[in-house]
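Here is a brief report on a protein model. Have the sequence and the coordinates open as you read.

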Amino acid sequence: MAKKENIEEAEVTEVAEVKEVKQTKKTTKKTAKAETDSEVENEAPVVNEEAADDKKDKKTTKKTAKLTTEVEVNEKVVIPQEEAPTVKKEAPKPVEDPVEVSVEQKLVALYTLQQVDSKIDEIRAYRGNLPLEIQDMEDEIAGLETRIANFKEESKKHQKDISDYKIKIKETEALIKKYEDQQNNVRNNREYDSLTKEIEYQQLDNQLSEKRIKEITAKDNEVAVKVAEAQMRLTELKSSLKDKKDELHSLVEGTEKEEEQLLQRSAECEKLVEDRLLVAYKRIRKNARNGLAVVGIFDEACGGCFNRIPPQHQLDICTHKKIIVCEYCGRILVDKGIIEQYNA
């Protein structure tokens, strides 16, 4: 019986211990749950506060950015009157369209230019070689004047040399007289011989000076003759130059106005021609004997060299699509249509 009672007490103690263990487990679970709930409650407001702060910061940055943009706009728009003076803008000039000149118009302008230049050549040929002759006379007159001036300088030099030699002769004569006086007072034959030699030497020097004077005088006479001839030629040239100038003036006076008008018309025609064509025209005109650079077709032949032109080239010339030159002389060819337009 005692054993049974001990077993029952042991079972009761074990049951009590199991209950205590269960209660401790429950209490530990409750405490752990309470702690987690308290931590969550404590952390939640912190997160909410951080989010609110972020929103406030974003709003403030937006406001500041908006204010800065408004200030910049106001600074750009609002300009003080002193810094921005009013400037009147000129209205843009209308752009002129380049005038296109057809090949036919170019040919008419070239033919007109050729006719004008030919008339100028006729006027200048009418004057003849008078301008060239006048130029040659003026050059010869200038040369004669220079030559006469040189002759006069040479004559002055001759006169100076003659005067120097005459002075030298006077000095030698004075020495000769001195030595002759000393001969009368010599002491021995040696002094007499030495004085005699000095007198002979001075006499020879005197003769040499006289000879030089004669030579220079002859040269001076020749120079004087040349000066006289040059002076005579100069007077003749001046008189003939005056006559030539009067003749040229009379010729120019009658054609001066016409030449000025033709030169002005020639300049106007050159403006209608391209630079390339104008250069070619002047080159051909310079090389041509009669000054013709633009010629017409007469009897199916070139009006400059009179060589026959092939039919195909004649057709190309009549169509006025391009500028055709002669195969033989290089002159620019035009047809009757261009000549009729010029005459009209």
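Helix 6 has three buried residues: Gln314, Asp316 and Ile317. Around the axis they cover an arc of only 160°, so they sit on the same side of helix 6. What does the face turned away from that buried side carry? Pro311 and Gln312, both exposed, are found there. Bear in mind that this is a predicted model.

**Loops on either side of helix 6**

Helix 6 spans residues 311-319, and the loop between strand 2 (301-302) and this helix holds Phe306. The loop between helix 6 and strand 3 (332-334) holds His320. Most residues other than glycine have a negative phi. Phe306 has a positive phi of about 65° and is not a glycine. His320 is not a glycine either, yet its phi is positive, at about 60°.

His320 counts as buried, because its relative accessibility is 15% and the cut-off for buried is under 20%.

**Cysteines**

How many disulfides does the structure hold? The count is zero. Cys326 is in no disulfide, and the nearest cysteine sulfur to it belongs to Cys305, 3.6 Å away. For Cys329, the closest cysteine sulfur is also in Cys305. That distance is 3.6 Å, which is too far for a bond, because a disulfide needs the two sulfur atoms within 2.5 Å. Cys326 counts as buried, at 6% relative accessibility. Cys329 is partly exposed, with a relative accessible area of 28%.

| Residue | Relative accessible area | Class |
|---|---|---|
| His320 | 15% | buried |
| Cys326 | 6% | buried |
| Cys329 | 28% | partly exposed |

**Helix 3 and helix 4**

Now turn to another pair of helices. Helix 3 covers residues 130-183 and helix 4 covers residues 189-271. They pack at an angle of about 165°, with their axes 6 Å apart. Helix 3 is therefore roughly antiparallel to helix 4, because angles over 145 degrees count as such. The crossing of helix 3 and helix 4 is left-handed. What kinds of residue make up the contact of helix 3 with helix 4? The residues of this contact divide into 27 nonpolar, 22 charged and 14 polar.

Definitions and conventions:
Residues numbered from 1 in each chain as written. Predicted model: local features only at pLDDT ≥ 70, side-chain atom pairs only at ≥ 80, totals over all residues. Heavy atoms only, no water. Helix = DSSP H or I, 4+ residues; strand = E, 2+ residues; numbered from the N terminus. Buried < 20%, exposed > 50% of the residue type's maximum accessible area, 1.4 Å probe, protein only. Axes fitted to C-alpha atoms, helices over the stretch in contact; angles between N-to-C directions. Parallel < 35°, antiparallel > 145°, perpendicular 65-115°, else oblique. Left-handed = near helix turned anticlockwise from the far one by under 90°. Nonpolar A, V, L, I, M, F, W, Y, C, P; charged D, E, K, R; others polar. Arc of directions from axis to C-beta.
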